[in-house]
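Thanks, everyone. Let me put the chain up, and then I'll walk you through it from the overall fold down to single residues.

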Amino acid sequence: MNQELLNKLEHLNEIYKSGHWGSDMPEDTRPQNLDPNSEVNAIFYTLPTALDHQRNSNTLWKSATVTFEDNETNFVFNPQEVVNKDFTEVQVALTKYSLALQKNKQTQIWIKLCQTLDNNFNGKVTDFFAYFDNDIQKVRHYMQVEKKKDFPYLSGKKLCNYWLYVMYLYTNLPLINTDQIYIATDRHIIRATYKLGLITDEEVESTKVQDYAIKAWIETLKGTNYVPIDFQSVLWLWARNGFKEEL
């Protein structure tokens, strides 16, 4: 790895740790007293992630939190209850606090994920991971290759890795092969990757830009003590705040 680039990344990491950008990420907005060992915590960080498509992540997690805390709507975080409700009931609950913005499409996505969990994994995210030995590589292969249609949006390149990253940070699941979690290539990460010169002008304009960015970070950090997700939050906040810091 280029030592100059490594120095830049470590400098950004120090800025992040200092709290200069504020330490909170969007998913830090969550219900109080969620046990990181619990299934409830795992499901809370799973279902809303599938709706994190072309929208403000901060408002998504705020909506998820108030939906969870409302006794009339929190049933949507129980897949076994969801699959036994009428579509309209689920839709009303998901749209009450704008958790679902596209009321038909996103309700369908939510219900489909609940059906997948209920039909195959006892309605539990923890059982889903346990079935695959808590192995990141096995889980991702199942979602993105074997059963992609069973995980609408959550199986996408960006969201799948973002979700795995969130599960790594916010749950106590005994995950293995966490070094194989790719960087979650949303627009902020792509902008930061380009800013650091890791992808070209042509690549940043390509429809395959996510692939290029993922590959760039894997290759860049090879042989170092770092893995791509070590810089997920750092790069996201740096880009979101307009790259104001001199490197």
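Overall dimensions to begin with. A compact globule of 247 residues would have a radius of gyration near 18 Å, and the protein chain has 18 Å, so the two agree. Keep in mind that this is a predicted model. Along its principal axes, the C-alpha trace spans about 55 × 35 × 35 Å.

Next, secondary structure. We have 13 helices and zero strands in the protein chain. Read along the sequence, the pattern is α-α-α-α-α-α-α-α-α-α-α-α-α. Of the contacts between residues at least 6 apart in sequence, 64% join residues at least 24 apart.

Now surface and interior. Buried residues account for 49% of the 247. The protein chain exposes about 12,300 Å², and carbon and sulfur atoms supply 43% of that area. On charge, there are 26 positive and 32 negative, and their mean positions lie 5 Å apart.

On to the core. Which residues have the most contacts inside the largest nonpolar core? They are Val76, Trp110, Phe128, Phe129, Trp163 and Leu235, in a core of 77 residues. Helix 9, residues 157-170, gives this core its largest share, nine residues.

Take Phe129 from that list. Leaving out neighbours within four places in sequence, Phe129 contacts Asn134, Val139, Trp163, Leu164, Met167, Leu173 and Leu175. Trp163 is another of the core residues with the most contacts.

Now a loop residue, Ile181. Its place is between helix 9 and helix 10, the latter being 187-195. Is Ile181 buried or exposed? Its relative accessibility is 0%, so Ile181 counts as buried. Setting aside residues up to four places away in sequence, Ile181 touches Ile136, Arg140, Asn161, Leu164, Tyr165, Tyr168, Pro228 and Ile229. Leu164 is also in contact with Phe129. As for Gln115, 66 residues from Ile181 along the chain, the two C-alpha atoms are separated by 26 Å.

Last, two backbone points. Gln54 is not a glycine, yet its phi is positive, near 55 degrees. Gln54 sits in the loop between helix 2 (39-44) and helix 3 (57-69). With a relative accessible area of 77%, Gln54 is exposed.

Tyr153 is the other one. Its phi is positive too, about 65 degrees, and Tyr153 is not a glycine either. The loop here runs between helix 8 (136-146) and helix 9. How accessible is Tyr153? Its relative accessible area is 27%, so Tyr153 is partly exposed.

Conventions:
Residues numbered from 1 in each chain as written. Predicted model: local features only at pLDDT ≥ 70, side-chain atom pairs only at ≥ 80, totals over all residues. Heavy atoms only, no water. Core = buried A, V, L, I, M, F, W, Y, C linked by side-chain atoms within 4.5 Å. Buried < 20%, exposed > 50% of the residue type's maximum accessible area, 1.4 Å probe, protein only. Helix = DSSP H or I, 4+ residues; strand = E, 2+ residues; numbered from the N terminus. Contact = heavy atoms within 4.5 Å. Rg over C-alpha atoms; globule rule 2.2 N^0.38 Å. Areas by Shrake-Rupley, 256 points an atom, 1.4 Å probe, with all protein chains shown as cover. Lys, Arg positive; Asp, Glu negative; His and termini not counted. Charge placed at Lys NZ, Arg CZ, Asp CG, Glu CD.
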